[in-house]
Amino acid sequence: MSAPERSVPASDPVTGGLSRKGLSAGTVGLIGAVVIGISCVAPAYTFTAAVGPTASAVSTQVPAVILVGFIPMLLVAFGYRELNNRMPDSGTSFTWATRAFGPWIGWMAGWGLIAATIIVLSNLAGIAVDFLFLLLAQITGNAGLADITGIPIVNVAVCLAFVAAATFVSYRDVQTTQKLQYVLVGFQLIVLVLFAAVAIFHAVDGDAFDPTPFDGNWFNPFAVSSFSAFAAGLSLSIFIFWGWDVTLTMNEETKDPDKTPGRAATITVVTIVLLYLMLGIALIMFAGVGDGELGLGNPDIQSNVFFYLSGPILGPLAFLVSLAVLTSSAASLQSTFVSPARTLLAMGHYGALPPAYGRVNPRFFTPGYATLASAIVTAVFYAVMRFLSKDVLQDTILTLGMMICFYYGLTAFACVWYFRKQWFDSVRNVLFTFLFPLVGGAILAVLFVTTLVDSMDPAYGSGTDVLGVGLVFVLGVVIILLGIVIMIWQSIRRPAFFRGETLSLDAPPSLRRARR
């Protein structure tokens, strides 16, 4: 007996307000959204790549920088929550900035989100390749297998295989994504907590590389040696929190879309910060921040701290850490496809991009065309960067940080401006629609400008330069300029969106005045 066919949810007509796009509604609950959010952040992958450089910049103040980096993320998350409560839409930053500032700024906010996710998707695929061969080397005892990842053609080929597998799962349906993530995220969190707990045990027992007693001063951001060091550490800290907003891009597919996505985003961010604090404290206590063989300040281990410390900490179970990072990057690679695909879907639906991007697969209720487009661009970007950059990981992380500040900041300011008529309706509104997103957006704007200026130096990042200018700066500027060019071209081809006919400006009135 064949299974009954599901009917495709009808998409609403585009009339200037928000409208449904045909996604499968009510399929993701709170726990599922939190799991996908944690997966997208990829704590195992992000922390192993960021804790070493952060320790070099701020010494033992890693926990302080984690907390300070958490602050703008939390403040922006409050703004996201308020916008989602008012306008649950899969376009998130694109839709909200358009409603607040108009189509031009809204389009660039959407472009910033898409660019950031394409960068991180290529990065995740590259990390998955590296850890696949590292894991094989650990399991077989053949250290030479780890060097295979350095062969560009093999590296790119295996990377494309990871992208293809992730695209296949993402193309199917969000429930398949959700079920897969329960297993991958659960394993990742168990291994990371075990890793941190055993490291702390070794440190307390005196059986560590550089036993460092815990000190409450590690949480003092004013103990950082200089503002430039603090800014560098903060930029890296913001990178490790990126990805929580995927919980909001699924808002049209969640149960209780007005509340579940915002709650999931808050729970995700808080869970991640607690995990990072535990790991940061554990690694400082075990390895210290010096530049010795296993010290966090040793540049030779900073690209992959977990790999080098897993043996001394876990002994024969060290392979579990490599497996956790591999599953972390693979899981995040798959879940991160959710975000750009649904933003592209919204842009196509509202006429900001060709209508093909606004199509939903009638069988799986997913943005199939947008998912495939994201995969193709990711694969091309990684292949080009792999042959262009001396250190793809470092340069893409720094460029990613710039794009995160760009579109998160725009979204935070969109929250402030959108609710401008309701700021003083209540104390809660003053905090959550005005003060918190304004401060969060301002911090990110300062970091964006600082990174943009600093990255002009050829020594910034991997040291790769283009005509004497740092590659990170070139990437950031080219991405933004490319977005502007495409936006202008779309305004010529599809003027209705840019005239505000398909998605119009909006500002809710003051409830206090309405009651009068």
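This is a short walk through one protein structure, from the overall picture down to a few single residues.

What you see is a predicted model, in which local features need pLDDT of at least 70, side-chain atom pairs count only at pLDDT 80 or more, and totals for chains, interfaces and linings use all residues. Residues are numbered from 1 along each chain as its sequence is written, and side-chain values use heavy atoms, with hydrogens and water left out. The score pLDDT is the predictor's confidence in each residue, from 0 to 100. Its mean for the protein is 83, and 89% of the residues reach 70 or more. Over residues 1-10, though, the pLDDT is below 50, and beyond near neighbours in sequence this stretch has 13 contacts in the model.

Let us start with the whole protein. Its secondary structure comes to 19 helices and 2 strands; helices (H or I, at least four residues) and strands (E, at least two) are DSSP runs, numbered from the N terminus. Of the 516 residues, 59% count as buried. Buried means under 20% relative accessible area, exposed means over 50%, and partly exposed lies in between (1.4 Å probe, protein chains only). A contact means heavy atoms within 4.5 Å. Among the contacts with a separation of 6 or more, 80% join residues 24 or more positions apart.

Next, look inside. A nonpolar core is a set of buried Ala, Val, Leu, Ile, Met, Phe, Trp, Tyr and Cys residues joined through side-chain atoms within 4.5 Å. The largest one here has 160 residues, and Trp 107, Trp 244, Leu 283, Leu 309 and Tyr 408 are those with the most contacts inside it. Helix H5 (residues 103-140) gives the most to this core, with 22 residues. Leaving aside neighbours within four places in sequence, Tyr 408 is in contact with several residues, including Met 73, Tyr 80, Trp 242, Trp 244 and Leu 444.

Now follow the chain around helix H2. Phi of Ala 42 is near 55°, a positive value in a residue other than glycine. Most residues other than glycine have a negative phi. Ala 42 is buried, because its relative accessible area is 0%. H2 itself (residues 43-58) bends by about 35° at Ala 50, with a proline, Pro 53, following within four residues. The bend at a residue is the angle between axes fitted to the seven residues ending there and the seven starting there. This helix is mostly covered, with 13 of its 16 residues buried. After H2 comes Ser 59, whose phi is positive, near 60°. Ser 59 sits in the loop between H2 and helix H3 (62-86) and is partly exposed, with a relative accessible area of 33%.

Finally, find Ser 329 in helix H12 (residues 319-336). Is Ser 329 buried or exposed? Its relative accessibility is 0%, so Ser 329 counts as buried. Not counting residues up to four places away in sequence, Ser 329 touches Tyr 45, Leu 124, Ile 127 and Ala 128. Ser 329 and Ala 125 are 204 residues apart in sequence, yet their C-alpha atoms are 7.0 Å apart in space.
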